[in-house]
Each structure stands twice: as C-alpha cells, then as structure tokens.
Amino acid sequence: MELTGDSSSKGNRLVVKNTRASFYEMLMCLREDLDRYMLLDERAWWVIILTCQGVWVTAQYRFSRWVKCDCHVPVIRQVLRLFCAISQRVVVMLTNCEFPNTAQIGKGLLIPHPYGIVIHQDAQIGDYCNLGQDTTIGIGGRKEKSGVPILGDRIFVGPGARIFGKISIANDVAIGANAVVTKSLEANAVAVGIPAKVISYKGSQDFIIYRQQK
Ligand SMILES: CC(C)(COP(=O)(O)OP(=O)(O)OC[C@H]1O[C@@H](n2cnc3c(N)ncnc32)[C@H](O)[C@@H]1OP(=O)(O)O)[C@@H](O)C(=O)NCCC(=O)NCCS
C-alpha cells in the first residue's frame, strides 16, 4: 500500500478517484482481507463472512472509507454517509473496536479477535498486517513531537500492545503481546516489553500468513 508518510490530518489527505473504479478497488481489498481468514479457517467463505466479526469490522471500515473518499454521487453519498456513521457506532457497540474512516489501512488486514482495538484517525497501516485484541495505535508526544505511528507492511501486533507517537514501524516487524512501543523500529525487528526493546531481527514472517501474489 502506498502510504502518504505524513500522519498529520493534512498529510493524510484524500486523493479524488473515480467512484466505480475505487469501489472495485475497495472490493479487491476486502477480498484480500477475507482470503487471510480463509487461509486459517477451513469453513466456506460465506460462513466466515457471517460469523467472523473481524471481517465485519474491516468491511465497515473499507466501505465507510470508500464513501468518505471516493463516492461522488450526490444524494446517494449523503445517505451512505449516514448509514456509515450508524454502522460504525453499531460496530463499536458490538466489538469496542474503533476504525475511523480517515485512517489508512492496507489490504489483507487480519483481526483474529476483534475486541477493544483503537486506531487513531490519522494512523497508517500497510498491507497484510495482524492486529491482536486490545491494541491501540494512537497519538503521542508533545508539541512538534506529537504525532501518530505509521506502520509498514506485514506487521504483527500482539494482543494488548500500545503503539503511539510520531514513529514509524518498518516492514515485517513483530510487536509482542502487551508491548508499549514509543520509538521507531527497523525492518524485521521483534520488540517486546515496556518500553519495547528489540530482542531479535527474526521478523514477523512466521506469524503473518497470506497468499503470496505471483
Ligand atoms: C513478540 C513475539 C511475536 C516474539 O516471538 P519470537 O520471535 O518467537 O520470540 P520468543 O517467543 O522466542 O521469545 C524470545 C524472548 O522474548 C520473551 N518474550 C516473548 N514475548 C514476550 C512478550 N510479549 N513480552 C515480554 N517478553 C516476551 C520470551 O520470554 C523470550 O525470552 P528469553 O529469551 O529470555 O527466553 C511473541 O512472543 C508474542 O508476543 N506473540 C504474541 C502471542 C500471543 O499473544 N498469542 C495469543 C493470541 S490470541
């Protein structure tokens, strides 16, 4: 996923795209998300859609982001925005997960246990990431140091982890359960503890399972 690299509201600007093409793009992202569940779960795709709350959370986020950024049909856009605002509150009530449609999240997101995940509205998350339950990706720091994390591709975020501040997490990083990450991490780092320290550079490859594209 192409991230803007600037986690401020200004940097996280919306690029105007064609309504139909972007809708198709959104469906493709959802297909990648679903595919990650299907690799772990032998049940049929429609059973996964009906029963996995992680899919519901992601689908709500993706649709709502499409409506916000790329749906330009007058009236329909207003109606859909209202629908998205209500459906987002329903998702929050059911799962305590907050995925604002202003955050940028790449394809192939896996949320095995979607409970209590909070993502800041300016956060950026790359492709094929895993988010554990009760994780927070939020704002931190004072004055000019204030900012929101930018996560690269294939990041494993263990349950209960907190990642905050103006930091960037490079590709293939694994963040341990309950870690508190306040400093940037290099590619393939494995970080655990409070404050999080790098214990190895074995990366996240063993924890991130997705269908490799040819
Ligand atoms: C961070 C993590 C991905 C690293 O995995 P790994 O690279 O295979 O590392 P290891 O498990 O071999 O652990 C290496 C060392 O870090 C310690 N460690 C691992 N995870 C830790 C954590 N979350 N907090 C503190 N220390 C941790 C281990 O005890 C071990 O210490 P030692 O070398 O003194 O024995 C993994 O430990 C983790 O936290 N996974 C989340 C698992 C989980 O929560 N599962 C439930 C999902 S619902």
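Residues are numbered from 1 along each chain as its sequence is written. Since the model is predicted, local features need pLDDT of at least 70 and side-chain atom pairs count only at pLDDT 80 or more, while totals for chains, interfaces and linings use all residues.

**Exercise 1. Work out how H3 packs against helix H1 (residues 19-40) and helix H4 (residues 76-95).**

Axes are lines fitted to C-alpha atoms, for helices over the stretch in contact, with angles from 0 to 180 degrees between N-to-C directions.

Take H4 to begin with. Its axis and that of H3 come within 10 Å and cross at roughly 155 degrees. That makes H3 roughly antiparallel to H4 (under 35 degrees is roughly parallel, over 145 roughly antiparallel, 65 to 115 roughly perpendicular, the rest oblique).

Now H1: its axis is 10 Å from that of H3, at an angle of about 165 degrees. H1 is therefore roughly antiparallel to H3.

**Exercise 2. Is Ala85 buried or exposed, and how covered is H3?**

Count the other C-beta atoms, placed from the backbone, within 10 Å of the residue's own: 20 or more means buried, 12 or fewer exposed, and in between partly exposed. Ala85 lies in helix H4 and has 12 such neighbours, so it counts as exposed. In H3, by contrast, 14 of the 18 residues are buried. Ala85 and Gln60 are 25 residues apart in sequence, with their C-alpha atoms 9.9 Å apart.

**Exercise 3. Describe the shell around the ligand.**

A residue is near the molecule if its C-beta atom, placed from the backbone, lies within 6 Å of it. The shell holds 16 residues, and the closest are Gly158, Ala174, Gly176, Ala177 and Val192. The elements giving two or more residues are strands E12 (190-192) and E13 (197-200). By class there are eight nonpolar, seven polar and one charged (Ala, Val, Leu, Ile, Met, Phe, Trp, Tyr, Cys and Pro count as nonpolar; Asp, Glu, Lys and Arg as charged; the others, Gly among them, as polar).

Definitions and conventions
Helix = DSSP H or I, 4+ residues; strand = E, 2+ residues; numbered from the N terminus.
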